[in-house]
Amino acid sequence: QVQLVEFGGGSVQAGGSLRLSCAASYSSDCMSWFRQAPGKEREGVARIYRGGTYYADSVKGRFTISQDNAKNTLYLEMTSLKPEDTAMYYCAARSFSGSWCPLLAHAYNAWGQGTQVTVSS
């Protein structure tokens, strides 16, 4: 099973930017970023499958997911951050065969430990 480690979280003011990285033991075709705020369910943020991307409406136009297969690293570039983006951010990988790659937490079988992002107003 792929091992995942996230980096790059921190505290920023609203309007600022952060770049999250997720180092994987090997690259997966289907990888995503999720986030979970205190008292809320884990929600999908962005997904990448063989270069194709999909974003939650709440982050569309502000976040960019990308993958460097040579470095086995997944990225999430976050701009125009808002206080409501405050959460623990997790990268996830789905290692099953097939093209099904939804932005749904239960579809993923490997998770990182998370990195905290805090946006102050």
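Colleague: How many bridges pair β4 and β9, and in which sense, parallel or antiparallel?

Modeller: Keep in mind that this is a predicted model. One place where the two strands face each other is Trp-33, which stands opposite Cys-91 in β9. Taken as a whole, β4 and β9 pair over seven bridges, and the sense is antiparallel.

Colleague: Which strand does β4 join through six bridges?

Modeller: Look at Phe-34, which stands opposite Gly-44 in β5. The two strands form a hairpin with six residues between them, and Gly-39 in the turn has a positive phi of about 80°. The strand joined to β4 by six antiparallel bridges covers residues 43–49, and that's β5.

Colleague: Okay, on to the sulfurs. Which cysteine forms a disulfide with Cys-22?

Modeller: A pair counts as a disulfide when the sulfur atoms lie within 2.5 Å. For Cys-22, the partner's sulfur is 2.0 Å away, and that partner is Cys-91. The bond links distant parts of the chain, 69 residues apart: Cys-22 sits in strand β3, and the strand holding Cys-91 is β9. So by the 2.5 Å cut-off, the partner of Cys-22 is Cys-91.

Colleague: Is that disulfide right-handed or left-handed?

Modeller: Go by the torsion about the S-S bond of Cys-22 and Cys-91. It is about 50°, so the disulfide is right-handed.

Colleague: And are Cys-22 and Cys-91 buried or exposed?

Modeller: The cut-off for buried is under 20% relative accessible area. Cys-22 has a relative accessible area of 0%, and Cys-91 is also at 0%. Because 0% falls under that cut-off, Cys-22 and Cys-91 both count as buried.

Colleague: Where in the chain is the partner of Cys-30?

Modeller: Cys-30 forms a disulfide with Cys-101, their sulfur atoms 2.0 Å apart. With 90° about the S-S bond, this link is right-handed. Cys-30 lies in strand β4, and 71 residues separate the pair, with Cys-101 in the loop between β9 and β10.

Colleague: How many residues of β4 are buried?

Modeller: Start with Cys-30, which is buried, as is Cys-101. Cys-30 belongs to β4, residues 30–36. The strand is mostly covered, and the buried count is six of its seven residues.

Colleague: Last one: what pattern do the disulfides follow?

Modeller: The count comes to two disulfides. One joins Cys-22 and Cys-91, and another joins Cys-30 and Cys-101. With bonded cysteines counted along the chain, the pattern is 1-3, 2-4.

Definitions and conventions:
Residues numbered from 1 in each chain as written. Predicted model: local features only at pLDDT ≥ 70, side-chain atom pairs only at ≥ 80, totals over all residues. Heavy atoms only, no water. Helix = DSSP H or I, 4+ residues; strand = E, 2+ residues; numbered from the N terminus. Buried < 20%, exposed > 50% of the residue type's maximum accessible area, 1.4 Å probe, protein only. Pairing = 2+ DSSP bridges.
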